[in-house]
Amino acid sequence: MYIGKEKEEVAAIVQATTTLQVNLFGHLEVYKHLFPIFRPHARIVNIASTLGLLNYNNNEEVREKLMSGELTMQDIVNLAEEYLRDVEQGLEEQKDWPDAYSVSKTLVMAATRVQARELAEDSHEDVIVNSCCPGWVKTNLTGNRGVKSPALGADTPVYLALLPPNCASPVGEFVVDRKIRRVR
């Protein structure tokens, strides 16, 4: 059923805004409030997705920005806002952006690297942040079509949450099935 180009554009910006608000901006807001109260040996686990890997993003300029060692949280917010402007103007395909879910998870993975760098530079003792993908889990969200049970999906996030004190790795990494995955 054709709903008209104008309604499709409205639906696209609502979808993109909602997805980024939940998956990225909400995450950043919680982190901002919790950062000052992290205790020694705290473990932070950001839920991302393999769909956030940069090989799913054909926008080379965005990929380069996200892989910069100088990337800041403001840079991530700026990229999210740029994406939302492009969606609002109907330019996301022309500018090679992936879908909103993938963009949000790519930016969460980038935020994890920035958070790890900030924590290393801060006085917090042994606070570690990582991101992970639980996999395609059988839940209501996936219509129970996932291939992993909820228990298997929880394995990597729990593993990261229980990393021992003073471990050297993983730190600031993206982890799938307890293994570090390169984001690019």
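Buried, as used here, means under 20% relative accessible area. Keep that cut-off handy for the exercises below, and remember that this is a predicted model.

**Exercise 1: a tilted pair**

Work out which class the ring pair of Tyr31 and Phe38 falls into, and whether its members are buried or exposed.

*Solution.* Start with the total: there are four aromatic pairs in the structure. In one of them, Tyr31 and Phe38 sit 5.9 Å apart, centre to centre, with 50° between the planes. Planes under 30 degrees apart would be stacked and over 60 edge-to-face, so 50° lands in the tilted class. Next, burial: Tyr31 and Phe38 are both buried. Finally, look around the pair: ring pairs join Tyr31 and Phe38 with Phe35 in a cluster.

**Exercise 2: an edge-to-face pair**

Explain why the pair of Tyr83 and Trp97 is edge-to-face, then decide whether each residue is buried or exposed.

*Solution.* First take the geometry: the ring centres of Tyr83 and Trp97 are 5.1 Å apart and the planes meet at 65°. That angle is over 60 degrees, so the pair counts as edge-to-face. Now place the partners: Tyr83 belongs to helix α3 (residues 73-88), while Trp97 lies in the loop between α3 and α4 (100-121). They are 14 residues apart, so to speak a link between distant parts of the chain. Last, check accessibility: Tyr83 has 3% and Trp97 has 9%. Each value is under 20%, so Tyr83 and Trp97 are buried.

**Exercise 3: the cavity beside Leu66**

List what lines the largest cavity, and sort the lining by class.

*Solution.* Step one is the count: one cavity reaches 30 Å³ or more. The largest cavity holds about 40 Å³ of space. Its lining consists of Gly52, Leu54, Leu66, Thr106, Met109, Ala110, Arg113 and Val183. α4 contributes the most, with four residues. Sorted by class, the lining has five nonpolar, two polar and one charged residues. To finish, follow Leu66: its contacts include Leu54, Thr106, Ala110 and Arg113.

Technical notes:
Residues are numbered from 1 along each chain as its sequence is written. This is a predicted model: local features need pLDDT of at least 70, side-chain atom pairs count only at pLDDT 80 or more; totals for chains, interfaces and linings use all residues. Side-chain values use heavy atoms; hydrogens and water are left out. Rings of Phe, Tyr and Trp (its six-membered ring) pair if their centres lie within 6.5 Å; planes under 30 degrees apart count as stacked, over 60 as edge-to-face and the rest as tilted. Buried means under 20% relative accessible area, exposed over 50%, partly exposed in between (1.4 Å probe, protein chains only). Helices (H or I, at least four residues) and strands (E, at least two) are DSSP runs, numbered from the N terminus. Contact means heavy atoms within 4.5 Å. On a 1 Å grid over the protein atoms alone, a cavity is a set of points where a 1.4 Å probe fits but cannot get out, and a pocket is an open set with protein on both sides within 12 Å along at least five of seven lines; lining residues have an atom within 4 Å of a point. Grid points are joined across faces, edges and corners, and a volume is the space filled by probe spheres set on the points. Ala, Val, Leu, Ile, Met, Phe, Trp, Tyr, Cys and Pro count as nonpolar, Asp, Glu, Lys and Arg as charged, and the others, Gly among them, as polar. Lists of a residue's contacts leave out its neighbours within four places in sequence.
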